[in-house]
Amino acid sequence: MAHIGTDWKEAARRLTMGDVVAIPTETVYGLAADIRCPDALHAIYRIKGRPQHNPLIVHCGSLEQAAQWVRSFPLSARKLAEHFWPGPLTLVLPRTDSVSDIVTAGQDTVAIRVPDHPLTLTLLQESGLALAAPSANPSNYISPVTAQQVDHMLGDRIGYILDGGRCTAGIESTIVAFDGEQPRLLRPGPIGPEAVEAVTGLSVLEKEGDALAHPGMFKKHYSPRTPLILVDDVKEAVLRDRDRRLGLLLYRHRSDLVPDADQIVLSPEGDLEEAARNLYDALHRLDAGGYSLILAEKIPGEGIARAVNDRLVKAAASYE
Ligand code: TXA
Ligand code: MG
């Protein structure tokens, strides 16, 4: 079983030896390996059951450290890095030859970010390591936002989990690629396209990447094992499916049609950041609740609401 601890030096020691270690970030927990250790990189794919053609995000301690792995840094990307790093923004940039094909799945670009979590940032800055880290869940399952969730899903396959408490953003980073200077949104996340436009002065293209060029954008993703349906009208859906054992994932308001224990409200105040922060924890709990169906309410609005809905649509994809 994995050790769970708060010792970043122990995590750094194991990573330097070529081990795979789970690390906290502000978005979700990552399953990390030193990008110079091919065996450890292969182990990430094996542990997750991740297809070899789905590339990994590289985590660095600073913009300067990140720049070492990048062949050219468009001005618009540099502005974004200076403004949002450390933070939940991943930039897809041309890579240098020293970035392993195992990290990039053979692509000519590398996805890179500086995460905003005190323990992991200290680890990265003090060790100078660059860490490839996908979310620390089995492929296609719900991302973890606590060390205990990582332990539950992958504890028998890794040696150490660096416990940084509960993730504060709660959903995966925004991913932006560049055609020259032109930013293109590959995955919505905590930083909305409006914020990217404000910093770059450029409008953000939102053309969906083709699924093969950007395999992580496949439709089915982030799914609980319990069937999940995304609904506009919770009352109508509950009445339609009332003979099933229902778990409800609600935005602001409880439902008086099912017992309190069978429903989770993401944010009673209607705070979208709070809803994002609570999303995966709620999905983990509902998936463990023995329900035959989860009904999830759509979240209204733009910005981070879009990122939350994107995750819910993907969680529902395999059942529609
Ligand atoms: O917040 C996050 O980004 C978390 C934490 C751990 O940093 N990581 C994360 O990693 O969500 P993962 O592997 O679950 O998602 C990475 C996404 C995948 O959809 C992958 O296809 C995409 O990034 N990606 C990685 N490298 C890419 C590249 N060179 N070009 C396009 N997409 C890339
Ligand atoms: Mg993931």
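Predicted model: local features only at pLDDT ≥ 70, side-chain atom pairs only at ≥ 80, totals over all residues.
One open sheet has 10 strands, in the order S1-S8-S2-S3-S7-S4-S6-S5-S9-S10, and its pairing is mixed. At its edges are strand S1, residues 3-5, and strand S10, each of which pairs on one side only. Helix H1, residues 8-16, packs on this sheet and touches S1, S2, S3, strand S7 (131-132) and strand S8 (160-162), with a direction that makes about 135° with that of S8. Within the sheet, strand S2, residues 21-23, and strand S3, residues 30-34, run antiparallel and are joined by three bridges, and the bridge partner of Ala22 in S3 is Leu31.

If we move along to the end of that order, we come to S9 and S10. Strand S9, residues 174-179, runs antiparallel to S10, and five bridges join the two; Ala177 stands opposite Arg184 in S10. The two strands form a hairpin with two residues between them, and in the turn Gly180 has a positive phi of about 65°.

Four strands form an open sheet in the order S11-S14-S12-S13, and here the pairing is parallel. The edge strands, each pairing on one side only, are S11 (228-231) and S13 (263-265), and from one strand to the next the twist averages 15°. As a reminder, strands of a sheet pair through backbone hydrogen bonds, either parallel or antiparallel. S11 pairs in the parallel sense with strand S14, residues 293-297, over four bridges, and Leu228 has Ile294 in S14 as its bridge partner.

Two helices are to be mentioned with this sheet. Helix H10, residues 272-287, packs on the sheet and touches S11, strand S12 (246-250), S13 and S14, its direction making about 175° with that of S12. Helix H11, residues 304-316, lies across S11, S12 and S14 and runs at about 135° to S11.

I would like to stay with H10 for a moment, for Asp281 is placed in that helix. Is Asp281 buried or exposed? Its relative accessible area is 12%, and because the cut-off for buried is under 20%, Asp281 counts as buried. Leaving aside its neighbours within four places in sequence, Asp281 is in contact with Val145, Thr146, Gln149 and Arg166. Ala132, by contrast, is 149 residues from Asp281 in sequence and 24 Å from it in space, C-alpha to C-alpha.

Not counting residues up to four places away in sequence, Ala237 touches Val231 and Leu295. Its C-alpha atom is separated by 9.9 Å from that of Ala296, which is 59 residues away along the chain.

Next comes a pair of helices. How do H4 and H8 pack, and at what angle? Helix H4, residues 75-84, and helix H8, residues 193-200, pack at about 110° with their axes 9 Å apart, and they are therefore roughly perpendicular to each other. Their crossing is right-handed. H4 brings Ser76, Lys79, Leu80, His83 and Phe84 to the contact, and H8 brings Ala195, Val196, Val199 and Thr200; these residues divide into five nonpolar, three polar and one charged.

Finally, some backbone details in the loops. The peptide bond from Trp85 to Pro86 is cis, with omega near -5°, and Pro86 lies in the loop between H4 and strand S5, residues 89-94. Ala105 has a phi near 55°, a positive value in a residue other than glycine; it lies in the loop between helix H5 (101-104) and strand S6 (109-113), and at 27% relative accessibility it counts as partly exposed. Asn140, too, is a residue other than glycine with a positive phi, near 75°. Its place is in the loop between S7 and helix H7, residues 147-154, and at 33% relative accessibility Asn140 counts as partly exposed.

Definitions and conventions: Residues numbered from 1 in each chain as written. Chains lettered and ligands numbered in written order. Heavy atoms only, no water. Axes fitted to C-alpha atoms, helices over the stretch in contact; angles between N-to-C directions. Parallel < 35°, antiparallel > 145°, perpendicular 65-115°, else oblique. Left-handed = near helix turned anticlockwise from the far one by under 90°. Contact = heavy atoms within 4.5 Å. Nonpolar A, V, L, I, M, F, W, Y, C, P; charged D, E, K, R; others polar. Pairing = 2+ DSSP bridges. Buried < 20%, exposed > 50% of the residue type's maximum accessible area, 1.4 Å probe, protein only.
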